[in-house]
Amino acid sequence: MNQPNICVGPNCFQGCKELTSINIPSTFTIIEDHFMDGCSLIKEITIPSSTTKIGDYAFNSCLMLTQINIPSSVTEIGSHSFSECRLLKIINIPSSVIKIGDSAFCFCTSLENLSLPELITNIGRSVLHGCSSLKEISIPPSVKEIGFCAFYDCSSLDHIILPES
């Protein structure tokens, strides 16, 4: 039996401060803007393999979130999508991602390292701004532009790998 494709609009669970878990159905192809913005007690999120886009501010200020696995179906991560997830230590970004929006991971103060996908061409403005635990970043050769304040206030950053070209 096929599951119905449910359309869940922007801001659906925004500000649900007592929400501790969610099971996102496998029918979701887009996680809309502000989907769980401000759900400060959520600790774990599993993004279904049917998802192709994570919207702007989708998981902004999910303060207890510690890890996120982004499936290989995702091609776009929106602006501020994980900003201010202060306990987020592990982000697995698959090679399918070709766009990461501005400030996508800003103020993820527990994030220590991040591998950017090989096909990404632009590192957005303030994408890792304020990631004060970030120690290492590798810039793939496909990157043609690094935005304003991309690594601003990454006070622990001690190793940057830049491409030859």
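Visitor: Why is F13 called partly exposed?

Guide: F13 has a relative accessible area of 27%. Buried means under 20%, exposed over 50% and partly exposed in between, using a 1.4 Å probe and protein chains only. The value for F13 falls in between, so F13 is partly exposed. A word about what you are looking at: this is a predicted model, where local features need pLDDT of at least 70, side-chain atom pairs count only at pLDDT 80 or more, and totals for chains, interfaces and linings use all residues. Residues are numbered from 1 along each chain as its sequence is written, and side-chain values use heavy atoms, with hydrogens and water left out.

Visitor: How many aromatic pairs does a search of the whole structure find?

Guide: Five. One of them joins F13 and F35, with 5.4 Å centre to centre and 90 degrees between the planes.

Visitor: What makes F13 and F35 an aromatic pair, and of which kind?

Guide: Rings of Phe, Tyr and Trp (its six-membered ring) pair if their centres lie within 6.5 Å; planes under 30 degrees apart count as stacked, over 60 as edge-to-face and the rest as tilted. At 5.4 Å and 90 degrees, F13 and F35 therefore form an edge-to-face pair. F13 and F35 are 22 residues apart. F35, at 1% relative accessibility, counts as buried. F35 also forms an edge-to-face pair with F28, at 5.9 Å and 70 degrees. Ring pairs link F13, F28, F35, F59, F82 and F105 into a cluster.

Visitor: What is the order of the four strands in the open sheet?

Guide: The order is β1-β3-β5-β7, with parallel pairing. β1 (30–31) and β7 (99–100) stand at the edges, each with a single partner strand, so one side of each has no neighbour in the sheet. Strands (E, at least two residues) and helices (H or I, at least four) are DSSP runs, numbered from the N terminus.

Visitor: Why do β5 and β7 count as paired?

Guide: Two strands pair if DSSP finds at least two bridges between them. β5 (residues 76–77) and β7 have two bridges, so they pair, in the parallel sense. I77 stands opposite I100 in β7.
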